[in-house]
Amino acid sequence: MGKNKNHDTSYTFILLGLLVLIIIVLSVSSPYFFNWKNVRNILNQSAIYLLLSIGMTFMISAGQIDLSVGAILGFTGMVMGLFIQGGMGTFPAVAAGLLVSFLIGLVNGLIVSYGGINSFIVTLSTMTILRGIILIKTNSKSMFGFGDAFTFIGSGSVGPVNLPIVISLLAAAAGAVILHRTKFGSYCLFIGSNEMALNRSGVSVRKYKSLIFAFCGLCAGAAGLIVTSRLNSAEPLAGQGFEMDAIAITILGGTDLKGGKGSVIGTIIACFILNVMKNGLTILSISSHYQEILTGVILLIAVRISESSQRKKREV
Amino acid sequence: MWKSESMNRNNTPFLRAENIYKKFGSVTALEDVSLTVCLGEILAIAGDNGAGKTTLIKILSGVLKPDSGKLWIDGKEASDLTPAKAIKAGVSTVYQDLALGNTMDVTSNIFLGNERSAGGFLKKREMDEEARKLIADLDIHIQDVTVPVGSLSGGQRQGVAVARLISRSGKLLIFDEPTAAMGLKESRSVLKLIQKLAGDGYGVIMISHNLPQILQVSDRICIMRQGRVIGELAAAGSSLEEVEDLISGNEVESYGQE
């Protein structure tokens, strides 16, 4: 009772089972896998993808797509780098960078909602425009050396846990609450389900859609903060192709590409599945190229399972 | 017949339209149309395709503005009607597509745009409880208000759409072809719902092509042809042939030729 049945609970359990299975197999196969140092390593690696995928979950739940998150990640890193090198304090530079990522997302959203252009096209354009600006601004060279306070965010730790882990898990928890428990989340899913119905009910679809894009931009900005501060360097090509990982994780997590159905919990589990697998294959000294193949295969199978369990329920 | 004793029956019109004209370019869609509906009664609007039924209900629900003519809702003049104003005044339309989100649960659909929340957080339990009550009051059988609307039958979906309007304090409900593309059993449950609404004191305007259904359910039948109201009948005592002849404009003689 009172539980949100918008997403498929049984599918989430299948995912969780798969994650546990992978962990068991890897723990048996290698003594180096299941220990705190390695687990921390996995969580740390997952942090960036988790942040991107949380935003993407909202986006896809609303029946939209954001291809610009990788570029926003890189752009935010550059902005923060430029501000710090320009003499701005760490905290204001970080805040300004995050604000910029939010605004880029908002602009994406405004163009989609008010310009009536498909989100795929809008964010594809944003992606190439941002990447172009980065290459011009940085002269295709990386910037580095941003000071201890800044690098602490990416590589510092709170007790035994790295700061990126804390940030990403907090964001994931907040994302889960927002999508499944708030009006904003409900409207987000409704936009994906039946935009016109929402509009007829007097809710401004344009406003909420724009905010969803802004939220997704902010998530990408937070990922950019972590990438940049961890490396203590703003790379012009940082985040390139990450949008595809975020989309794959979101879909694997059970969010429907058609919109109207989404699960942050599923996204979190899916993110760990892919990152645990990546880590495990590295530990087992299997080439990362195989991991790419495996990711594709898992994605296909998972979507097939998710679709078939849906079909059973929809047929009356 | 079965409702005339209803306590809620009220004889002052809840909605009154007078001398409505509407043209689209050179095409006259409505010409001097007047009608009234009281709470507790079912007014059916019948007519062939292109008779102006849809244009008329779009004007009554504020979607279209008439070129001239006057509207009163609940005794107040409502000449500058918009969809939002109409809903506020108690006039709500159940669209043919029902405007439901199929992947969303019953509760979210009922409270769409009208959620109970505190600081942005949904009061899910409270809404579920209220949704259950609304649905029980309408005699709709939905076991679980947390299932997606897409998994319900056509009749149940109509019920959810109606529950939404009632939860927004709708008093006059306009149904646009409510049983179109429905099976016998589902049509029956929707008609039952419409009768129950009138019995509970709501006003109903219903557009339908299905004359036997109209005769069975409604109190009055307003017949339109080529943008005009050409007759109004009491459903009780009218025959199918009578209504058909009015709709098609057939004279008695033309039957004789067949």
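Start with the radius of gyration of chain A. This is a predicted model. Chain A has 316 residues, so a compact globule of that length would come out near 20 Å. The value for chain A is 19 Å, which agrees. Along the principal axes, the C-alpha trace spans about 60 × 55 × 35 Å.

Now the inside of chain A. Buried residues account for 49% of the 316. Look at contacts between residues at least 6 apart in sequence: 80% of these join residues at least 24 apart. The secondary structure comes to 12 helices and 4 strands.

One helix deserves a slide: α9 of chain A, residues 205–231. How far apart are its end C-alpha atoms? They are 39 Å apart. Is α9(A) mostly covered or mostly open? Mostly covered: 22 of its 27 residues are buried. Just after α9(A) comes Asn232(A), with a positive phi of about 55 degrees.

Next, the interface. On chain B, 25 residues are in contact with chain A, and they meet 25 residues there. Which elements of chain B supply at least two residues each to that side? They are β8, residues 121–122, and α4, residues 124–137. The largest share comes from α4(B), with 3 residues. By class, the side of chain B that touches chain A has 9 nonpolar, 11 polar and 5 charged residues.

Note on methods. Residues are numbered from 1 along each chain as its sequence is written. Chains are lettered from A and ligands numbered from 1 in the order in which they are written. This is a predicted model: local features need pLDDT of at least 70, side-chain atom pairs count only at pLDDT 80 or more; totals for chains, interfaces and linings use all residues. The radius of gyration is taken over C-alpha atoms; the globule rule is 2.2 Å times the number of residues to the power 0.38. A residue is buried if 20 or more other C-beta atoms lie within 10 Å of its own, exposed if 12 or fewer, and partly exposed in between; C-beta atoms are placed from the backbone. Two residues are in contact if their C-beta atoms, placed from the backbone, lie within 7 Å. The expected span of a helix is 1.5 Å times one less than its number of residues. Ala, Val, Leu, Ile, Met, Phe, Trp, Tyr, Cys and Pro count as nonpolar, Asp, Glu, Lys and Arg as charged, and the others, Gly among them, as polar.
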